[in-house]
Amino acid sequence: LDYAVHGETALVSPSRDTKSLSDNIIRLLDDEGLMKLISQKGYEKISKINWQGSCDQLVHLFNKVKKL
């Protein structure tokens, strides 16, 4: 499950790409409509998530990695 969908629920920047991150932050600060849209879509998306199920999956993953 993707929580952050670029351009829909977030503006995603590649790992360690500070230029992309700063560009995305500036874009949101400069475009209030985009910021509100992404905020609303993000809220709608996380409202539909089964958090207990997500936590269970994460614990399962940690236990799996721990056994390696």
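**Exercise 1.** Is Lys 36 buried or exposed?

*Solution.* Start with the cut-offs: buried means under 20% relative accessible area, exposed over 50%, and partly exposed in between (1.4 Å probe, protein chains only). Lys 36 has a relative accessible area of 52%, so Lys 36 is exposed.

**Ground rules.** This is a predicted model, in which local features need pLDDT of at least 70, side-chain atom pairs count only at pLDDT 80 or more, and totals for chains, interfaces and linings use all residues. Residues are numbered from 1 along each chain as its sequence is written, and side-chain values use heavy atoms, with hydrogens and water left out.

**Exercise 2.** Find the salt bridges and place each in its helix.

*Solution.* 
- Step 1. Apply the criterion: a side-chain nitrogen of Lys or Arg within 4 Å of a carboxyl oxygen of Asp or Glu. Searching the whole structure gives two salt bridges.
- Step 2. Take Lys 19 and Asp 23. Their side chains meet at 2.9 Å, N to O. Both residues lie in helix 1, four residues apart, about one turn of the helix. Helices are DSSP runs (H or I, at least four residues), numbered from the N terminus.
- Step 3. Check accessibility. Lys 19 is at 55%, so Lys 19 counts as exposed. Asp 23 is at 37% and therefore partly exposed.
- Step 4. Take Glu 32 and Lys 36. Their closest N and O atoms are 3.1 Å apart. The pair sits in helix 2 (residues 32–47), again with a spacing of four residues, about one turn. Glu 32 is partly exposed because its relative accessibility is 48%.

**Exercise 3.** Where is model confidence lowest, and where highest?

*Solution.* 
- Step 1. The protein's mean is 93, and 99% of its residues reach 70 or more.
- Step 2. Compare elements. Helix 3 is lowest, at a mean of 92, and helix 1 highest, at 98.

Key:
pLDDT = per-residue confidence, 0-100. Helix = DSSP H or I, 4+ residues; strand = E, 2+ residues; numbered from the N terminus.
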